[in-house]
Amino acid sequence: MQKFTCTSCSYVYNPFVWEENILPGTSFENLDESWVCPHCGDDKDVFIETPQNIQEISGSTYTDEEVCHIPFYKEQWGVLMVQVGTTDNPHEIEENHFIEYVGVFDGDGEILEIQIQPEDTTLVFENPWIDDYEVRLSCNIHGIWRGIRIKDTLQ
Ligand SMILES: [Zn+2]
Ligand SMILES: [Zn+2]
């Protein structure tokens with residue numbers, strides 16, 4: 001059963017961990033709509049599926065479908081700049097196919113900052129100022145993609 005993470009406080013709902021008033025084994029989907037995060041009290045809809053299987057990109061050249069899912073990032077001007085895909089090959093934003101989130105995670109997979117359903121392909125995050133972090137993108141159809149750090153200017 002899937003775990004879900006609160007994007008406000010990083011609390012993880014694990015169906016197999018005992019929670020007050022909730023039967024162990026209750027899937028996130030089956031939680032009452034009035035259920036709130038036990039840590040920060042935020043609504044159920046701020047939760048996202050906890051990243052599990054991350055797409056691994058094979059080889060050093062990318063197909064068009066791969067490129068449009070990759071969050072390319074670099075630290076610049078004290079912030080973390082992220083560009084989804086390239087100018088020539090951005091990810092489409094459609095009703096049935098869209099980016100669920102782009103987020104910055106620390107080495108333990110905890111959310112440092114996340115942007116839900118971004119409308120833009122160029123995003124600005126706070127610079128995490130740590131070496132051990134990861135940028136990830138989740139597409140509702142194609143799954144989770146790991147970011148690639150770039151040295152040069154964003155295209
Ligand atoms: Zn929370
Ligand atoms: Zn996609």
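Biologist: So strands here are DSSP runs of E, at least two residues long, and they're numbered from the N terminus. Which strand is Val82 found in?

Modeller: Val82 is in β6. Keep in mind that this is a predicted model.

Biologist: Noted. Is Val82 buried or exposed?

Modeller: Buried, because 24 other C-beta atoms lie within 10 Å of Val82, and the cut-off for buried is 20 or more.

Biologist: What does Val82 touch, leaving out residues up to four places away in sequence?

Modeller: Its contacts are Pro71, Tyr73, Val102, Leu123, Phe125, Val135 and Gly147. Gly147 sits 65 residues from Val82 in sequence, yet their C-alpha atoms are 8.7 Å apart.

Biologist: Val102 is on that list too. Which residues does Val102 contact, neighbours within four places aside?

Modeller: Val102 is in contact with Pro71, Val82, Val84, Gln115, Pro118, Leu123, Val135 and Leu137.

Biologist: And which residues touch the most other members of the largest nonpolar core?

Modeller: Val82 and Val102, in a core of 17 residues. Two or more residues come from each of β6, β7 (99-106), β8 (111-116), β9 and β10 (133-139). With five residues, β7 gives the most.

Biologist: What lies apart from that core?

Modeller: Another core, of five residues, including Phe4, Tyr13, Cys37 and Phe47.

Biologist: Nice. Last topic: how is the chain divided into domains?

Modeller: Domain 1 is 1-50 and domain 2 is 54-149. Their centres, taken over C-alpha atoms, are 24 Å apart.

Biologist: How many residues does each domain put into the contact?

Modeller: Domain 1 provides four residues and domain 2 provides six.

Biologist: What classes are those on the domain 1 side?

Modeller: The side of domain 1 touching domain 2 has three polar residues and one nonpolar residue, with no charged ones.

Key:
Residues are numbered from 1 along each chain as its sequence is written. Chains are lettered from A and ligands numbered from 1 in the order in which they are written. This is a predicted model: local features need pLDDT of at least 70, side-chain atom pairs count only at pLDDT 80 or more; totals for chains, interfaces and linings use all residues. Domain bounds come from an automatic or database domain assignment. Two residues are in contact if their C-beta atoms, placed from the backbone, lie within 7 Å. Ala, Val, Leu, Ile, Met, Phe, Trp, Tyr, Cys and Pro count as nonpolar, Asp, Glu, Lys and Arg as charged, and the others, Gly among them, as polar. A nonpolar core is a set of buried Ala, Val, Leu, Ile, Met, Phe, Trp, Tyr and Cys residues joined through C-beta atoms within 7 Å. A residue is buried if 20 or more other C-beta atoms lie within 10 Å of its own, exposed if 12 or fewer, and partly exposed in between; C-beta atoms are placed from the backbone. Helices (H or I, at least four residues) and strands (E, at least two) are DSSP runs, numbered from the N terminus.
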